[in-house]
Amino acid sequence: MRAFLRDVADPAFEELQAEFAKNGIAAQIRSGEEDGLPYCELIVESGRLRDFLYGVGCKEHAVSKMVVSSDLLPKMDTVDDFEPVCYFADGRRGYSLKYMRREEMLTDVLRQYERYIRMIANSKHNLYLFDNKNDET
């Protein structure tokens, strides 16, 4: 999981942050650990609207006891497997990023950002876009 963040997510977010800056869009990268599990987020603040957020977190899975005890497979140090998954500010369910390369992740983040921009442009989505924490009135 840490290797995925280091080799895929962080470089992709840094490249996107630089490209956004070239186009006058301020994006920030936040990373850390929550409950001992690493995460990384790309955030574009939107004033009164809900911020765009594409996060990469860690989903823990128990490995089958049959796999752990098999003599045909390499010995495992742990019975848990950790998988990188994405998450969003609007609470939509994310998906596995485990096999994505940096270029694929760039495309995925941009696709999600484009979706976000289309939602902003359509007033039918106001219920999902306005965020009380950003409300200054």
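**Reading a predicted fold**

Colleague: Which residues have the most contacts inside the largest nonpolar core?

Modeller: Phe 13, Tyr 54, Val 56, Leu 97, Met 105 and Val 109 do, in a core of 25 residues. A nonpolar core is a set of buried Ala, Val, Leu, Ile, Met, Phe, Trp, Tyr and Cys residues joined through side-chain atoms within 4.5 Å. Buried means under 20% relative accessible area, exposed means over 50%, and partly exposed lies in between (1.4 Å probe, protein chains only). In soluble globular proteins, nonpolar side chains tend to be buried together.

Colleague: What kind of model is this?

Modeller: This is a predicted model: local features need pLDDT of at least 70, side-chain atom pairs count only at pLDDT 80 or more, and totals for chains, interfaces and linings use all residues. Residues are numbered from 1 along each chain as its sequence is written, and side-chain values use heavy atoms, leaving out hydrogens and water.

Colleague: Which elements give two or more residues to this core?

Modeller: Helices (H or I, at least four residues) and strands (E, at least two) are DSSP runs, numbered from the N terminus. Here the contributors are helix H1 (2–22), strands E2 (37–44), E3 (52–62) and E4 (80–88), and helix H3 (102–121). H1 gives the most, with 8 residues.

Colleague: What does Leu 97 touch?

Modeller: Contact means heavy atoms within 4.5 Å. Skip residues up to four places away in sequence, and Leu 97 touches Phe 4, Tyr 54, Val 56, Pro 84, Val 85, Cys 86, Met 105 and Asp 108.

Colleague: How many helices and strands does the protein have?

Modeller: There are 4 helices and 4 strands. Along the sequence they follow the pattern α-β-β-β-α-β-α-α. Of the 137 residues, 33% count as buried.

Colleague: In which sense do E1 and E2 pair, parallel or antiparallel?

Modeller: Two strands pair if DSSP finds at least two bridges between them. Strand E1 (residues 27–34) and E2 pair in the antiparallel sense over 8 bridges. Gln 28 stands opposite Ile 43 in E2. The two strands form a hairpin with 2 residues between them.

Colleague: What is the phi of Asp 35?

Modeller: Start with the general rule. Most residues other than glycine have a negative phi. Asp 35 has a positive phi near 55 degrees. Asp 35 lies in the loop between E1 and E2. Asp 35 counts as exposed because its relative accessibility is 75%.

Colleague: How do the axes of H1 and H3 cross?

Modeller: Two packed helices are described by the angle between their axes and the distance between the axes. Axes are lines fitted to C-alpha atoms, for helices over the stretch in contact, and angles run from 0 to 180 degrees between N-to-C directions. The axes of H1 and H3 come within 9 Å and cross at roughly 50 degrees. That makes H1 oblique to H3. Under 35 degrees counts as roughly parallel, over 145 as roughly antiparallel, 65 to 115 as roughly perpendicular, and the rest as oblique.

Colleague: Which hand does the crossing of H1 and H3 have, left or right?

Modeller: It is right-handed. A crossing is right-handed if the near helix is turned clockwise from the far one by less than a right angle, and left-handed if anticlockwise. Among the H1 residues that meet H3 are Phe 4, Val 8 and Phe 13. H3 residues in this meeting include Met 105, Val 109 and Tyr 113.

Colleague: How exposed is Arg 115?

Modeller: Arg 115 sits in H3. Arg 115 is partly exposed, with a relative accessible area of 28%. Leaving aside neighbours within four places in sequence, Arg 115 is in contact with Asp 90 and Arg 92.
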